[in-house]
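The sequence and the structure are shown first.

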Amino acid sequence: MAVETEVTIYADGACRGNPGPGGWGALLQAGGAEKELWGGETPTTNNRMELTAVIRALEALKRPSAVTIFTDSQYVQKGISAWIHNWKRNGWRTSDKKPVKNADLWQALDKLVQLHVIRWEWIKGHAGHAGNERADRLANRGIDELLAA
């Protein structure tokens with residue numbers, strides 16, 4: 001795959017109640033430029049918002065890229081790096097034969113990751129990491145704007 005651009009993405013999801021109103025946020029950085037994305041949904045869950053943040057960020061990329069994605073969600077990081085292989089092999093069922101939660105989002109993410117070279121990095125949330133803190137603020141902005149509408 002020819003990769004033209006290096007992109008860093010910080011993605012985060014938030015939920016007020018779980019389920020409840022939720023928001024997602026992403027900060028994209030490439031070549032000295034930055035782009036902020038955010039949105040909200042209700043009702044939803046924190047895990048859906050974590051996945052949505054990564055999906056929306058990857059959808060915003062206009063060409064195949066070398067991407068480093070920082071997430072504070074072990075659900076996202078482990079899901080895409082390890083668990084998804086068995087889910088796909090098992091027809092989107094878990095090892096105990098139950099349907100995979102959020103399969104619609106996992107399937108969308110699976111298609112998007114094929115377009116890029118991606119390195120997944122888990123970082124501790126709310127630990128002062130500037131990019132993660134900005135993504136968290138964007139996710140909360142998504143909830144605030146949803147509730148204000």
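The radius of gyration is taken here over C-alpha atoms, and the globule rule is 2.2 Å times the number of residues to the power 0.38. For the protein chain, which is a predicted model, the 149 residues would give a compact globule a radius of gyration near 15 Å; the chain has 15 Å, so the value agrees with the rule. Along its principal axes, the C-alpha trace spans about 40 × 40 × 30 Å. Of the 149 residues, 45% count as buried. Among contacts between residues at least 6 apart in sequence, 66% join residues at least 24 apart.

The chain contains four helices and five strands. Read from the N terminus, its elements follow the order β-β-β-α-β-α-α-β-α.

**Helices α1 and α3**

The axes of helix α1 (residues 46–59) and helix α3 (residues 103–113) come within 10 Å and cross at roughly 30°. Angles under 35 degrees count as roughly parallel, and α1 is therefore roughly parallel to α3. The crossing of the two helices is left-handed. The residues that make the contact are listed below by helix.

| Helix | Residues in the contact |
|---|---|
| α1 | Arg-48, Leu-51, Thr-52, Val-54, Ile-55, Leu-58 and Glu-59 |
| α3 | Asp-104, Leu-105, Trp-106, Ala-108, Leu-109, Leu-112 and Val-113 |

Sorted by class, the contact of α1 with α3 comprises ten nonpolar residues, one polar residue and three charged residues.

Notes. Residues are numbered from 1 along each chain as its sequence is written. This is a predicted model: local features need pLDDT of at least 70, side-chain atom pairs count only at pLDDT 80 or more; totals for chains, interfaces and linings use all residues. Side-chain values use heavy atoms; hydrogens and water are left out. Axes are lines fitted to C-alpha atoms, for helices over the stretch in contact, and angles run from 0 to 180 degrees between N-to-C directions. Angles under 35 degrees count as roughly parallel, over 145 as roughly antiparallel, 65 to 115 as roughly perpendicular and the rest as oblique. A crossing is left-handed if the near helix is turned anticlockwise from the far one by less than a right angle, and right-handed if clockwise. Contact means heavy atoms within 4.5 Å. Ala, Val, Leu, Ile, Met, Phe, Trp, Tyr, Cys and Pro count as nonpolar, Asp, Glu, Lys and Arg as charged, and the others, Gly among them, as polar. Buried means under 20% relative accessible area, exposed over 50%, partly exposed in between (1.4 Å probe, protein chains only).
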